[in-house]
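Please look over the sequence and the structure shown below before reading on. The report that follows takes up a few of its features in turn, for a reader who is meeting it here.

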Amino acid sequence: MYNPFIAEGIMSRFWSTTVRGLTPYIPGEQPKIPNLIKLNTNENPYGPSPRVLEALRAEAADTLRLYPDPNAERLKDAVAAYYGVSPNQVFAANGSDEALAHAFQGLLKHPAPLLFPDITYSFYPVYCGLYGITYETVPLTDDFDIDLEDYLRPNGGVIFANPNAPTGRLIPLSIIEGFLSRNAGSVVVVDEAYIDFGGETAIPMVERYPNLLVIQTLSKSRSLAGLRVGFAVGSPELIEALERVKNSFNSYPLDRFAIAGAAAAMADRAHFDKTRQAVIRTRETLTTALQGMGFAVLPSAANFVFARHPIWDAEVLAGRLREKGILVRHFKGHRIDQFLRISIGTDEAALHLCQALLCILGDR
Ligand SMILES: *Cc1c(COP(=O)(O)O)cnc(C)c1O
């Protein structure tokens, strides 16, 4: 089995210089330990809509011998209908990571540096390395917020996650609009992987700002991390750039299951609302419980919380939780190495987590 931690030491004379220079992204672990409480990769604890499963079963047919629709029209129509935009303002991708990758290559690579926060989704610098994009990181404020005023300087593009990861902090739409009106000369990408858990999407603003690209995923709020579907919404000129990259790389990034399942997920608003509300409720109870144990918890608009304990070292705490069968994510980065990022699971998972923490904190 491929293990990036072990593979790190390998070098081969067969590699291209590009490959030698890469620093790949390391995903959260997916161990095959039974009864593990997995709060480390921001997956949704609830299953996808039953209508998704029905659509997938219908796709398991002889038609699999045929290529899927290269344009994923059913999915684009479903996204366009959901957000009240036109299908030529929608790009469909094999996970939002792919939409991001194409945006980096097709829209964010310019002589002036790309700007993004110093603490954010760690895939951004990886894409810069892959595509040879010059970038500068902009520090978060002392409160771990993105201050868009700091991005008002010459740039070849701006990208940020809203809510940001791994902090969970949200920028209000009015602030984003103020920034867009003063940064009209380069592309602004808003990565809304977590927007459905407490924020308002910037998608309606694509009509007014032709340089705005909004990227979303079905992995988190629509419980489909295993299906690999994401999309981007923007002006037709931005979408066309992504289509040009896509059609120079892989004509069929979404298979028949992905197109059918994702379209069904977009159409089932009731299931979507019920499950995301449940996640939000659990986040609020868990936040209060963690605060009761002395944790400082950043106010989160996402399906995870970012919390630190005043006494306990975060890495030690993550290790102790692991021994008790609970996985949370710890990042070694500057300023965040004393935080734990805890995904929101079911109420039952939150209860187990709190019991484990009480037990650990108690035996000091
Ligand atoms: C999870 C995540 C993604 C990737 O989502 P996929 O659609 O599963 O590729 C993108 N951006 C951020 C900030 C994320 O947390």
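The side chains of Lys332 and Glu315 meet in a salt bridge, with 2.6 Å from N to O. This pair links distant parts of the chain, since Lys332 belongs to the loop between strand E11 (326-328) and strand E12 (339-343), while Glu315 is in helix H11 (residues 314-323), the two being 17 residues apart. Lys332 is exposed, with a relative accessible area of 62%, whereas Glu315 is partly exposed, at 42%. The model in which these values were computed is a predicted one.

A search of the whole structure finds 11 salt bridges, and another of these pairs is Glu149 with Arg182, whose closest N and O atoms are 2.8 Å apart. Here too the pair links distant parts of the chain, with Glu149 in the loop between strand E4 (135-138) and strand E5 (157-161) and Arg182 in helix H7 (residues 173-182), 33 residues apart. Glu149 counts as partly exposed, with a relative accessibility of 45%. A salt bridge also joins Lys38 to Glu43, and their closest N and O atoms are 2.7 Å apart. Lys38 is partly exposed, with a relative accessible area of 23%, and Glu43 is likewise described as partly exposed, at 29%.

| Salt bridge | N to O distance |
|---|---|
| Lys332 and Glu315 | 2.6 Å |
| Glu149 and Arg182 | 2.8 Å |
| Lys38 and Glu43 | 2.7 Å |

The residues around the ligand are Gly95, Ser96, Asp97, Leu100, Tyr121, Asp191, Ala193, Tyr194, Thr217, Ser219, Lys220 and Arg228. Within the shell, a backbone N or O atom of Ser96 lies 2.6 Å from an oxygen atom of the ligand. Side chains take part as well: an N or O atom in the side chain of Lys220 is 3.0 Å from an oxygen atom of the ligand, and for the side chain of Arg228 the corresponding distance to an oxygen atom of the ligand is 2.8 Å. Taken alone, the ligand exposes 380 Å², and the protein buries 93% of that area.

Two residues of another loop deserve attention. Asp196 lies in the loop between strand E6 (188-191) and strand E7 (212-217), and its side chain makes a polar contact of 2.5 Å with the side chain of Ser221. Is Asp196 buried or exposed? Asp196 counts as buried, because its relative accessibility is 10% and the cut-off for that class is under 20%. Met205 is found in the loop between E6 and E7, and Met205 is also buried, with a relative accessible area of 4%. The C-alpha atoms of Met205 and Gly234 are separated by 8.9 Å, although these residues are 29 apart along the chain.

The backbone has some features of its own. Most residues other than glycine have a negative phi, and most peptide bonds are trans. Asn42, however, has a positive phi near 60°; Asn42 lies in the loop between strand E1 (37-39) and helix H3 (50-59) and is buried, with a relative accessible area of 1%. Phe144 also has a positive phi, near 65°, and is found in the loop between E4 and E5, where Phe144 is buried at a relative accessible area of 12%. As for peptide bonds, the one from Asn162 to Pro163 is cis, with omega near -5°, and a cis peptide bond also joins Ala165 and Pro166, with omega about 5°. Pro163 is found in the loop between E5 and H7, and Pro166 is placed in the loop between E5 and H7 as well.

Finally, the surface carries a nonpolar patch formed by Ile10, Met11, Phe14, Trp15, Val19, Leu22 and Leu130, which together have about 660 Å² of accessible area. Phe14, one of these residues, is found in the loop between helix H1 (4-7) and helix H2 (17-20). Phe14 is exposed, with a relative accessible area of 65%.

Technical notes: Residues numbered from 1 in each chain as written. Predicted model: local features only at pLDDT ≥ 70, side-chain atom pairs only at ≥ 80, totals over all residues. Heavy atoms only, no water. Patch = residues over 30% accessible without salt bridge, like charges linked within 9 Å, V, L, I, M, F, W, Y side chains within 5 Å. Areas by Shrake-Rupley, 256 points an atom, 1.4 Å probe, with all protein chains shown as cover. Salt bridge = Lys/Arg side-chain N within 4 Å of Asp/Glu carboxyl O. Helix = DSSP H or I, 4+ residues; strand = E, 2+ residues; numbered from the N terminus. Buried < 20%, exposed > 50% of the residue type's maximum accessible area, 1.4 Å probe, protein only. Near = heavy atom within 4 Å. Polar contact = N/O pair within 3.5 Å; in protein donor to acceptor, adjacent residues only side chain to side chain.
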